[in-house]
Amino acid sequence: MHTVRRYQTYNRPHLALALLILSALTVVAAPSRTLAATQAPSAAYRFADLGYGDRTARTMYGSLDYFFPIPAGEEPLEGARLELVYSHSPLLEPERSTMTIVVNGLSVQSVRLTPETRNRAMLRVPLPLSVFGGEGFFVQVRFHMRLTRDECEETRNPALWATIHGDSQLVLPTRLIGAYRLDQFDRLFAPPPDDRPPLALVIPAELSPEELDAAGLVAFQLGRRAAATRANSRLEVVTTPPDRASVIVGSAPALAQILPWGAVDWNGRAVTLAGVPIPDGHGVLALAEGGAPRLLVSGATPAAVRLAAQALNDPERRTLLDGAYVAVTDAPVPAPVALPWMNGAASFAQLGILSRTVSGPGEHRIDLAFARPAGWQLRDGGVLTLDVETTPAARRDTSWIAVSVNGIDLGAQPLQMSGAHPQRYTFALPADLLTATLDGRTVRHLDLTVRLFLDPAETGCAVIDGESLRATLLPTSAWRLPHSVSTAFDLGRFPAPLLGINASLPLDVVLPQQPAVEELAAALRLMAALGRWADTDGLAPPRLITADQVHERSGRHLILIGGAERNTLSAEAIARQPDRFTTPPSAVYRPGESSQCRLFLGPSPWQQGAGILIIDGATPEDLIVGVAALERRETLERLRGPFALIRNGAPPQTSPAAPDMASPSSLTPQIETPLLERLPGWQIAGAVLLGAFLSAIVILLTIQVRGRARRRG
C-alpha cells in the first residue's frame with residue numbers, strides 16, 4: 001500500500017466516487033448519457049433524451065423514480081427545475097387524488113389530480129439546491145389515486161393510473177465548482193459524453209522509460225473508469241495541456257513550463273508542495289485550482305513519476321486521497337485480494353453493487369449491468385442466486401419475483417416472506433445463450449432485470465402504508481458460472497487471452513525503439529482500451545515499453561505496436577511464423593495504402609501458452625485506425641478470428657470465427673430425421689444383402705462343425 005503525505009486539505013462536502021444508479025419503482029430506464037455542461041441559465045433536456053420516455057404509475061400508491069446526474073466538477077445554479085408534463089385517468093376522484101414530488105428525500109410540491117389536469121397538464125417544480133449532494137437529483141413522483149370517496153376501495157383497479165410524459169423537461173443551469181479533491185478521481189475522469197471533447201492525456205515531447213510506463217498506467221486506469229460507466233474509452237494524447245479535462249504525466253523538469261500547478265512548483269532543484277521541498281524520490285498527485293478537472297502526475301525524477309502513477313492504480317489508496325494534492329512516498333505492497341470471477345463466481349458486492357430497495361404496492365423493476373470474462377465458454381449448470389429480504393406486509397400467495405438476463409426470461413417465483421434470514425431464489429442460466437449470440441458475437445455483458453410484484457395483505461378496509469411494503473435485493477446475491485477457458489485466438493474476445501482473470505503470464509505492450517508521437521498515441525489509447533475491456537478491477541496492468549527494453553521474449557504475452565518495418569520484435573515474430581502473420585486471401589489488402597491497419601493475433605513464437613498481437617499500419621497514423629477498432633464496443637463486437645483488416649469508414653474484414661463460437665444450439669433448431677430416411681436406398685439394399693451373405697456363411701459353418709462332431713462320435 002502507498003504511504004501518502006498530506007500537505008493541505010480542502011474542506012468540501014463529500015462527493016461519492018461513482019454515479020448512483022437507482023431503480024424505478026414502477027418502470028426504470030437508466031439514463032443513456034450524462035448531461036452536457038453549460039453556463040446558460042436555461043439549458044433544457046427532454047426526459048426522453050435522457051433515457052426516460054413515457055412512464056406510467058399504476059395502483060392506488062403508484063410511484064415513479066428518476067435520477068439526473070450532474071457532470072463531474074459542476075454544480076447546479078438557481079433556476080434548476082423540472083417541467084413535468086403529466087396525464088392521468090379521467091375517473092380519479094379529484095378531492096382524494098394527489099401527486100407529490102420528492103427531491104433527494106425532500107417533499108417540494110404537491111397538486112391534486114383534477115379533470116383539468118387529466119390530459120397533458122404542466123407542473124413546474126423547483127429543484128432545491130440545499131439538497132444537492134454532489135452527484136445529482138433523485139426525483140420521486142408519488143401518487144395517491146382514488147376512484148371513489150368510499151373508505152373501502154380496491155387498490156389495484158386498472159383505472160388507477162397516471163403518466164409522466166417523455167417530453168417533460170429538466171432545466172439545469174450549471175457552473176464549474178471551485179475546487180476538487182483527489183478522492184473524486186473516479187468521477188472527475190470518467191469518459192465525457194459523446195458531445196464533448198475526449199479526455200486528454202498530456203505527455204512530454206520526450207519520454208524516459210519510467211515516464212512512458214507511468215503514462216501507460218494512467219491510460220489503463222482511465223480505461224477502467226470507462227468500464228465503470230460502460231462507456232467507450234475516449235482518450236486524446238497531446239503534448240500541450242488543453243483547457244479541458246486532462247491528466248498531465250511527466251517529471252517536474254520536463255513540465256517546468258506549466259509550473260507552478262496550484263501548490264506544486266519546481267525550484268530548479270526539488271519539487272515543492274505549498275513551498276515545502278519534498279524528497280526527489282517522492283511522487284506528486286495534484287489537481288489544478290478551478291476550471292476543468294486537470295490532474296498532474298509528477299515528481300522530481302522519472303522514477304517518482306511512475307510512483308505517483310502507481311498510486312492511481314491502487315483502488316484502496318485512491319479512495320483515501322482526500323486533499324487537492326499529496327506526495328506519494330513509497331511503492332505499493334501487493335496484498336492478497338479476492339478478485340471476482342476467480343473461481344467462476346462473483347457476488348454482487350465484489351462487482352460493486354450494493355443493496356437495492358423498492359417499496360410500495362405494485363410492480364417494481366431493478367436494472368443492473370455486469371461484465372463477465374470474455375474468454376469464458378460457459379457450461380451447463382450456471383445459476384443466478386438472488387438474496388432478497390421482504391417485509392411481512394406483502395401477501396405471500398400473490399407477490400412474486402421474475403428475472404431476465406440480456407432479455408432472456410429466466411422465470412418467476414413466488415416471494416417468500418423473510419424471517420430471521422433473507423430468502424434465496426435460484427435461477428438456472430442458459431449457457432449457450434450467454435456465451436455467443438446468433439451471429440457469433442461474444443457475450444461480454446450480463447444485463448440483469450429483476451421485477452418484483454408486492455401485493456399488500458389487505459384486511460377489510462385497513463389503510464395501507466406504502467412504506468411498509470419493501471423488498472431489498474442484497475449484495476450477497478451472486479453469479480455462478482461453470483466454464484472452460486477458450487484456447488482460441490479470437491479478436492472478438494479482446495483482450496483475452498492476453499489479459500484477463502485467467503491469464504497466467506504478464507502482458508507487455510511494445511513500441512518501436514524510437515517511437516513517433518503517433519505511435520505513442522496509439523499505444524496509450526491501446527492501454528486505455530485494455531483497461532476498458534479487462535475482466536475486472538485488481539488485475540495487474542500491462543507494462544508499456546520500447547523494443548530495446550525487451551530482454552526476454554518468453555514468459556509473457558506481447559502486443560507489438562508497428563509492423564516489421566518499424567518494430568524489431570514484429571520482424572522477428574513474422575520471420576519465425578511467416579504463414580501465421582500473412583493477410584488471408586479473402587481480405588482486400590492494398591500494401592502502402594493509408595487509413596488501414598491489420599491486426600494479427602496468435603500464439604507467441606517464443607513461449608508455449610503465450611499470445612502475441614501485432615498492430616501493423618503503413619504509417620504511424622494508421623495504427624490509430626486499428627486501435628480505434630479495439631476502443632469502440634460497436635466495432636469490437638464485429639471482429640472474428642485471429643485476423644482483422646480495419647479501414648476508415650468500412651466494415652472490418654475478418655478471418656473465420658473461432659470454432660468454439662458456434663451459434664447457440666437453442667436458437668438453431670434442427671429436424672431429427674429417422675436413420676432409415678437419411679440412408680440412400682442402395683445402402684439399405686447393400687446392408688440387407690450383406691446381412692444375408694453373412695447369415696449364409698454362419699449357417700454353412702454351423703453345419704460343417706456339427707457334421708464333424710457326428711463323425712468323431
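In which loop is the place of Pro260?

Guide: Pro260 has its place in the loop between strand E16 (246-249) and strand E17 (264-266), where helices (H or I, at least four residues) and strands (E, at least two) are DSSP runs numbered from the N terminus. The model is a predicted one, in which local features need pLDDT of at least 70 and side-chain atom pairs count only at pLDDT 80 or more, while totals for chains, interfaces and linings use all residues. Residues are numbered from 1 along each chain as its sequence is written, and side-chain values use heavy atoms, with hydrogens and water left out.

The peptide bond that leads from Leu259 into Pro260 is cis, with omega near 5 degrees. Most residues other than glycine have a negative phi, and most peptide bonds are trans. Another cis bond runs from Ala496 to Pro497, with omega near 0 degrees, and Pro497 is found in the loop between strand E34 (483-485) and strand E35 (507-511).

Strand E17, at one end of the Pro260 loop, belongs to an open sheet of 3 strands in the order E17-E18-E19, with antiparallel pairing; two strands pair if DSSP finds at least two bridges between them. E17 and strand E19 (276-277) stand at the edges, each with a single partner strand, so one side of each has no neighbour in the sheet. Strand E18 (residues 271-273) and E19 are joined in the antiparallel sense over 2 bridges, and the bridge partner of Thr272 in E19 is Pro277.

Asn104 is partly exposed, with a relative accessible area of 26%, on a scale where buried means under 20% relative accessible area, exposed over 50%, and partly exposed in between (1.4 Å probe, protein chains only). Asn406, likewise not a glycine, has a positive phi of about 55 degrees and is partly exposed at a relative accessible area of 30%.

Asn406 is found in the loop between strand E28 (400-405) and E29, and both of these strands belong to an open sheet of 4 strands with the order E25-E31-E28-E29 and antiparallel pairing. The edge strands of this sheet are E25 (362-371) and E29 (408-414), each of which pairs on one side only. From one strand to the next, the twist averages 15 degrees, taken between axes that are lines fitted to C-alpha atoms (for helices over the stretch in contact), with angles running from 0 to 180 degrees between N-to-C directions. Strand E31 (residues 445-454) pairs with E25 in the antiparallel sense over 10 bridges, and the bridge partner of His364 in E31 is Leu452.

Strand E6 (residues 81-88) pairs with E9 in the antiparallel sense over 6 bridges, with Ala121 as the bridge partner of Tyr86. In strand E39 (residues 611-617), 7 of the 7 residues are buried, so E39 is largely enclosed by the rest of the structure. Gly611, Leu613, Ile615 and Gly617 point one way from E39, and Ile612, Ile614 and Asp616 point the other way. Strand E37 (residues 557-561) pairs with E39 in the parallel sense over 4 bridges, and Ile561 has Ile615 as its bridge partner there. Strand E38 (residues 596-603), by contrast, pairs with E39 in the antiparallel sense over 7 bridges, and Leu601 has Leu613 as its bridge partner.

Helix H5 (residues 517-533) has 17 residues, which at 1.5 Å a residue should span 24 Å, and its end C-alpha atoms are 24 Å apart, in agreement; the expected span is 1.5 Å times one less than the number of residues. H5 is mostly covered, with 15 of its 17 residues buried.
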